[in-house]
Amino acid sequence: MTKKKQIGMAVTVMTAAYMIPFGAAKILYDKVFNKRVEIRKEPMAVKYEDFHTMDRQAALFPSNRGQRLKGYFYYPKGGFGPFEHVRGCIVLSPGIFQGHTDYLYDVERFVKEGFCVFGFDNTGCMESGGRGLLGLEQAVIDLHYALEFLESRKGRGELPILLYGHSMGGYAVAAVLHYDHKVDGIVSRSGFSDPTEMLCLGGKKIYGNKILWMLPFLRLYRRLLFWKYPLYGGIEGILKRNIPAFILHSEDDPIVDLSCSLWKHCQERKTENVKTYLCRHKGHDIVRSDKALAYFQKMLEKWERIMGQYRKEKNIPQKVKREFLNNIDMKQYHVHDEKMMERIVCFFIQCTGGRKDAHSENESGIRRDAV
């Protein structure tokens with residue numbers, strides 16, 4: 001064999017050795033993120049029509065690939081518009097595989113407390129365009145474009161801008177601070193800091209330690225996918241801007257493990273102007289009451305019994321599935337933990353420069369401001 005052929009064969013082998021695992025990593029990644037989340041039509045879906053204390057105004061704006069994102073401004077019923085007579089505007093960043101309407105109970109609470117809320121659906125979700133979610137970093141990019149859109153709105157004036165995110169959104173509200181938007185405060189609940197760390201954790205649960213050798217290829221694919229945008233981390237955004245931040249997590253979170261949480265990163269780094277709160281036995285939804293979480297667990301166990309009876313979901317008769325869904329009391333599931341919501345509301349009010357009154361919530365140490 002000539003030297004030229006030997007070199008050619010070596011190049012072929014090296015290329016194959018690299019491209020095969022890269023291709024496998026791409027397939028696994030796309031299996032999770034390259035799909036849409038459509039509008040939910042099942043009886044248990046949260047719908048705006050079920051809320052009677054707030055009006056909303058639709059908004060369309062573009063994101064990085066030209067896809068159109070759909071959102072709504074929510075404000076008190078009978079008001080003159082989203083920016084009239086409100087404390088500030090809270091921008092809501094949803095969790096993965098969720099739309100902003102999944103958080104309408106939170107939105108209603110903020111509106112009752114005198115805020116306008118701008119909620120939107122991320123790329124590939126619900127009412128927004130896009131062929132799929134694309135990745136965890138896309139949430140940061142979408143939030144960046146949402147803030148650009150909000151800043152361009154006439155009539156906003158100097159209204160304080162606040163960010164509220166859950167899970168993937170909890171990561172996004174921190175990471176977006178790398179951009180130069182004027183933000184007066186953020187609340188991140190059940191969020192993570194590093195997307196790679198989160199992908200590794202999720203991959204280990206499914207594939208075990210085999211996922212570790214794929215991480216360099218997953219990182220490369222994400223770099224190619226978002227080549228125009230730096231892969232920002234949450235803790236780095238908080239450290240860069242040093243604005244008021246409230247980071248909440250539960251020690252038993254089954255989705256975002258405490259080991260890779262934004263809360264943990266804040267504990268390990270010197271983070272000025274940051275308040276943290278660690279819950280117990282709240283799982284991935286820390287604003288729900290204990291009774292609401294117990295009700296959810298009861299419904300989950302009932303569903304597992306049905307699954308055990310039919311073995312696979314596709315074997316469950318539609319009549320049985322409809323009966324189960326129709327019997328779920330969503331209002332019972334969405335009952336808030338009042339103390340937790342009080343902490344969040346009071347933090348937001350303080351970020352707007354609200355006046356202090358004599359009442360204080362002893363457990364959290366946060367004073368409640370007067371309207």
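**Exercise 1.** In which loop does L134 lie? Work out its surroundings too.

*Solution.* Start with the ground rules. This is a predicted model, where local features need pLDDT of at least 70, side-chain atom pairs count only at pLDDT 80 or more, and totals for chains, interfaces and linings use all residues. Residues are numbered from 1 along each chain as its sequence is written, and side-chain values use heavy atoms, with hydrogens and water left out.

Step 1: find the loop. L134 sits between β4 (116–120) and α3 (137–152). Helices (H or I, at least four residues) and strands (E, at least two) are DSSP runs, numbered from the N terminus.

Step 2: check the burial. L134 has a relative accessible area of 6%, so it is buried. Buried means under 20% relative accessible area, exposed over 50%, and partly exposed in between (1.4 Å probe, protein chains only).

Step 3: list the neighbours. Leaving aside residues up to four places away in sequence, L134 touches Y29, F33, R65, T123, L225 and F226; contact means heavy atoms within 4.5 Å.

Step 4: look along the chain. N34 is 100 residues from L134, yet their C-alpha atoms are separated by 5.6 Å.

**Exercise 2.** Describe how helix α4 is placed and how it meets α7.

*Solution.* Step 1: count buried residues. Helix α4 (residues 168–175) is largely enclosed by the rest of the structure, because 8 of its 8 residues are buried. Among them are M168, Y171 and V173.

Step 2: compare the axes. Those of α4 and helix α7 (residues 234–241) come within 7 Å and cross at roughly 35°. Here, axes are lines fitted to C-alpha atoms, for helices over the stretch in contact, with angles running from 0 to 180 degrees between N-to-C directions.

Step 3: name the partners. From α4 come Y171, A174 and A175, and they meet G234, G237 and I238 in α7. By class, this contact has 4 nonpolar, 2 polar and no charged residues. Ala, Val, Leu, Ile, Met, Phe, Trp, Tyr, Cys and Pro count as nonpolar, Asp, Glu, Lys and Arg as charged, and the others, Gly among them, as polar.

**Exercise 3.** Locate S289 and list what it touches.

*Solution.* Step 1: S289 is in the loop between β8 (274–279) and α9 (290–310).

Step 2: S289 counts as buried, at 11% relative accessibility.

Step 3: S289 touches K282, V335, H336 and D337, with residues up to four places away in sequence not counted.
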